[in-house]
Amino acid sequence: MQIASLHDSPEIFYSLQGEGVRMGTPAVFLRLAGCNLHCSWCDTKYSWKKGVEVSVADVAARIGSYDCKGLVVTGGEPLMQQEELAALLELLPPDMFVEVETNGTLIPSADLLARVGQWNVSPKLYHSGNVAETALQADALAAFAALPHAWFKFVVQGEADWRAIEALQLPRERTILMPLAANREALAQARPAVAEMCLRHRVRLGERLHLVLWDTKKGV
Ligand code: SF4
């Protein structure tokens, strides 16, 4: 499978889940290469290009070496490598909790649906620079909305984003708003307005723990 390359190494590392309802949970992170969107504010643009080819057996061994029962599969867009990902998950211990971060444009296979414990779906709004016809796929979002263990994380810039979010008709009780910010300082400045949005629309405020803890550092 194609793993994103950071500092000439496949990006597999141990950290804390930085976002969503399992924020703060220790997990191994696996960053897959390739993305079908091109967000202007993407903080992992290096993952868009061809990554490092690593066998699923080798990836499973590297994940196992951390002795951790949590795995976060991220990207890029992990669902561009569904067959390889399903083969990898087959090799992992059954009690390993698997989360997948996705942009919500692709429908997961039955094999993945049977194994993944949580879907962290992050649809991209207009300020990502993607056209809505590409970034917002109604059939895929409906498939995720039907899963009780799928959560929807939106990076928001301000109140104007709410109309676009509401139009998607996703479960409000599983919707999380996070401030658009590229670093710790910008996050601190943007957070109060997004908190007000969450209060107004009765949805969760999402933290971006990796920015709080490590600012712009990669691979942590
Ligand atoms: S979907 Fe995610 S990985 Fe892909 S360009 Fe957007 S922010 Fe980056």
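Student: Where is His 7 found, and what marks the ends of that stretch?
Tutor: His 7 is found in the loop between strand S2 (5–6) and strand S3 (9–10). The limits come from DSSP runs: helices are H or I runs of at least four residues, strands are E runs of at least two, and both are numbered from the N terminus. The structure is a predicted model, in which local features need pLDDT of at least 70, side-chain atom pairs count only at pLDDT 80 or more, and totals for chains, interfaces and linings use all residues. Residues are numbered from 1 along each chain as its sequence is written, and side-chain values use heavy atoms, with hydrogens and water left out.

Student: Why is His 7 called exposed?
Tutor: The relative accessibility of His 7 is 69%. Buried means under 20% relative accessible area, exposed means over 50%, and partly exposed lies in between, with a 1.4 Å probe and protein chains only. His 7 therefore counts as exposed.

Student: What kind of peptide bond leads from Gly 75 to Gly 76?
Tutor: That bond is cis, with omega near 15 degrees. Most peptide bonds are trans. Gly 76 belongs to the loop between S7 and helix H2 (82–91).

Student: Which residues are around the ligand, and what makes them count?
Tutor: Around the ligand are Cys 35, Leu 37, His 38, Cys 39, Cys 42, Trp 48, Gly 76, Asn 103 and Lys 124. A residue counts if one of its heavy atoms lies within 4 Å of the molecule. The shell divides into five nonpolar, three polar and one charged residue. In this scheme Ala, Val, Leu, Ile, Met, Phe, Trp, Tyr, Cys and Pro are nonpolar, Asp, Glu, Lys and Arg are charged, and the others, Gly among them, are polar.

Student: Where does the ligand sit?
Tutor: The ligand sits in the largest pocket. A molecule sits in a pocket if more than half of its atoms lie within 2 Å of the pocket's grid points. On a 1 Å grid over the protein atoms alone, a pocket is an open set of points with protein on both sides within 12 Å along at least five of seven lines.

Student: Why is the pair of Phe 13 and Phe 29 called stacked?
Tutor: Rings of Phe, Tyr and Trp (its six-membered ring) pair if their centres lie within 6.5 Å; planes under 30 degrees apart count as stacked, over 60 as edge-to-face and the rest as tilted. Phe 13 and Phe 29 are 5.2 Å apart centre to centre with 15 degrees between the planes, and the pair is stacked. Phe 13 lies in strand S4 (residues 12–16) and Phe 29 in strand S5 (residues 26–31), so the pair ties together parts that are 16 residues apart in sequence. Both residues are buried.

Student: What makes Tyr 14 and Tyr 66 a stacked pair?
Tutor: Their centres are 6.2 Å apart and their planes 20 degrees apart, and the pair is stacked. Tyr 14 in S4 and Tyr 66 in the loop between helix H1 (56–64) and strand S7 (70–74) are 52 residues apart, so this pair links distant parts of the chain. Tyr 14, at 46%, is partly exposed, and Tyr 66, at 33%, is also partly exposed.

Student: Why is strand S10 described as largely enclosed?
Tutor: Seven of the seven residues of S10 (residues 150–156) are buried, so S10 is largely enclosed by the rest of the structure. Ala 150, Phe 152, Phe 154 and Val 156 are buried on one side, and Trp 151, Lys 153 and Val 155 on the other. In a regular strand the side chains alternate between the two faces of the sheet.

Student: How do you know that S10 and S11 pair?
Tutor: Two strands pair if DSSP finds at least two bridges between them. S10 and S11 have five bridges, in the parallel sense.

How values were computed. On a 1 Å grid over the protein atoms alone, a cavity is a set of points where a 1.4 Å probe fits but cannot get out, and a pocket is an open set with protein on both sides within 12 Å along at least five of seven lines; lining residues have an atom within 4 Å of a point.
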